[in-house]
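This briefing is for a reader meeting the structure for the first time.

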Amino acid sequence: MPEGLVAVLWAILKATIALAFIGLNFMFLVWLERKVSARIQYRVGPYRVGKPHGWLQLIADAIKMFSKEDVMPAAADRWVWAAAPVVVFAPAVLLFVILPVGPDFGVQPDFNLGLLFLSAVSSFTLFGIFMAGWGSNNKYSLIGAMRAAAQLMAYEIPLVLAVLGVVMLAGSLSLQDIVEAQRTYWFVFPQFLGFIVFLIAAIAELNRTPFDMAEAESELVAGYFTEYSGIRWGMFMFAEYTNLFTMSAIAASLFFGGWNGPLLPPVVWFLIKTYAFVLLAMWIRWTLPRIRIDQLLDLGWKFLVPVGLLNLVITGLFLV
């Protein structure tokens with residue numbers, strides 16, 4: 001076959017495998033979150049629909065979601081409201097392009113500007129959330145969108161500062177090169193301050209408790225997606241759990257050696273480390289209470305940004 005056709009078919013195959021994994025991973029993470037929250041709260045969780053342990057509950061949820069009526073508010077901005085779930089969903093899928101699943105293995109693991117691509121694409125989530133809040137023509141949705149905008153802007157800066165320390169040590173913006181540079185030691189040891197900043201900022205970027213101010217159901221019904229139902233609501237959930245996996249994979253690659261490890265295949269090590277971060281995020285969600293919006297912003301601007309800058313200074317002195 002012509003070389004161009006082979007390249008196109010190979011790209012389609014990789015995209016199909018990635019999308020299939022994203023779908024199965026979403027179902028597994030929703031089930032896992034329910035079971036983790038149940039254990040932390042001394043409950044059983046999903047149990048009866050599919051044994052053992054309710055594994056068919058997600059199939060029932062999917063059927064219910066697809067069968068729900070898709071209701072649009074009469075006063076909503078039609079096109080902005082309809083496009084918002086897609087704008088939130090697309091970046092979550094695009095971030096899978098740069099994940100280094102193994103040595104030279106992934107959709108595009110050797111992308112030499114991978115972290116720059118990460119910063120650029122992840123910022124688009126803010127547009128989707130704001131579109132959902134503005135387009136719904138609902139005061140609760142608009143307040144949630146404004147909170148999300150303030151939150152994401154406050155925590156994007158410390159997130160980038162934490163990543164810059166790793167980039168300085170590895171001398172590359174490619175996640176593949178960063179993982180390769182950790183064959184002798186993990187970057188979490190010289191970059192412990194950066195890791196703490198990254199962990200807090202990543203949870204805030206994911207809009208998860210204790211930083212879920214954009215949807216705060218006790219105050220805003222459901223925040224920016226109050227007016228969504230059925231599959232459109234499902235796309236927001238899909239993006240949330242896909243971003244959780246992606247951010248966990250990036251944390252494992254930046255600070256814990258990615259696919260490096262003894263005995264087991266590289267892909268297995270990558271998944272073990274990634275799901276360890278997923279479990280950590282779930283543990284934090286079901287343990288800590290939601291903080292106030294002023295506390296949220298103070299933590300980002302008054303603590304994480306100075307600590308991130310201090311980490312860069314220490315890293316620079318270490319390199320010199």
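Leaving aside neighbours within four places in sequence, F198 is in contact (heavy atoms within 4.5 Å) with L159, A162, V163, M247, I250, A251, L254 and F255. The model is predicted, so local features need pLDDT of at least 70 and side-chain atom pairs count only at pLDDT 80 or more, while totals for chains, interfaces and linings use all residues. Residues are numbered from 1 along each chain as its sequence is written, and side-chain values use heavy atoms, with hydrogens and water left out.

**Nonpolar core**
- The largest nonpolar core has 78 residues, and F198 is among those with the most contacts inside it, together with L29, L115, Y155, F236, L254 and F255.
- Such a core is a set of buried Ala, Val, Leu, Ile, Met, Phe, Trp, Tyr and Cys residues joined through side-chain atoms within 4.5 Å; buried means under 20% relative accessible area, with a 1.4 Å probe and protein chains only.
- Helix α10 gives the largest share of this core, 14 residues.

**Helices α10 and α11**
- Helices here are DSSP runs (H or I, at least four residues), numbered from the N terminus.
- α10 spans residues 230-255 and α11 spans residues 266-285; they pack at an angle of about 120°, with axes 8 Å apart.
- Axes are lines fitted to C-alpha atoms over the stretch in contact, and angles run from 0 to 180 degrees between N-to-C directions.
- α10 and α11 are therefore oblique to each other, the class left after roughly parallel (under 35 degrees), roughly antiparallel (over 145) and roughly perpendicular (65 to 115).
- Residues of α10 including Y241, L244 and F245 meet residues of α11 including F270, L271 and F277.
- The residues of this α10 and α11 contact divide into 13 nonpolar, 3 polar and 3 charged; Ala, Val, Leu, Ile, Met, Phe, Trp, Tyr, Cys and Pro count as nonpolar, Asp, Glu, Lys and Arg as charged, and the others, Gly among them, as polar.

**Helices α4 and α6**
- α4 (residues 114-122) and α6 (residues 139-170) pack at about 175°, with axes 11 Å apart.
- α4 and α6 are therefore roughly antiparallel to each other.
- L115, S119 and S122 of α4 make the contact with E156, V160, V163 and V167 of α6.

**Residue L58**
- L58 lies in helix α2, residues 57-67, and counts as buried at 9% relative accessibility.
- Leaving aside neighbours within four places in sequence, L58 is in contact with M27, V30, W31 and R34.

How values were computed: Helices (H or I, at least four residues) and strands (E, at least two) are DSSP runs, numbered from the N terminus. Buried means under 20% relative accessible area, exposed over 50%, partly exposed in between (1.4 Å probe, protein chains only).
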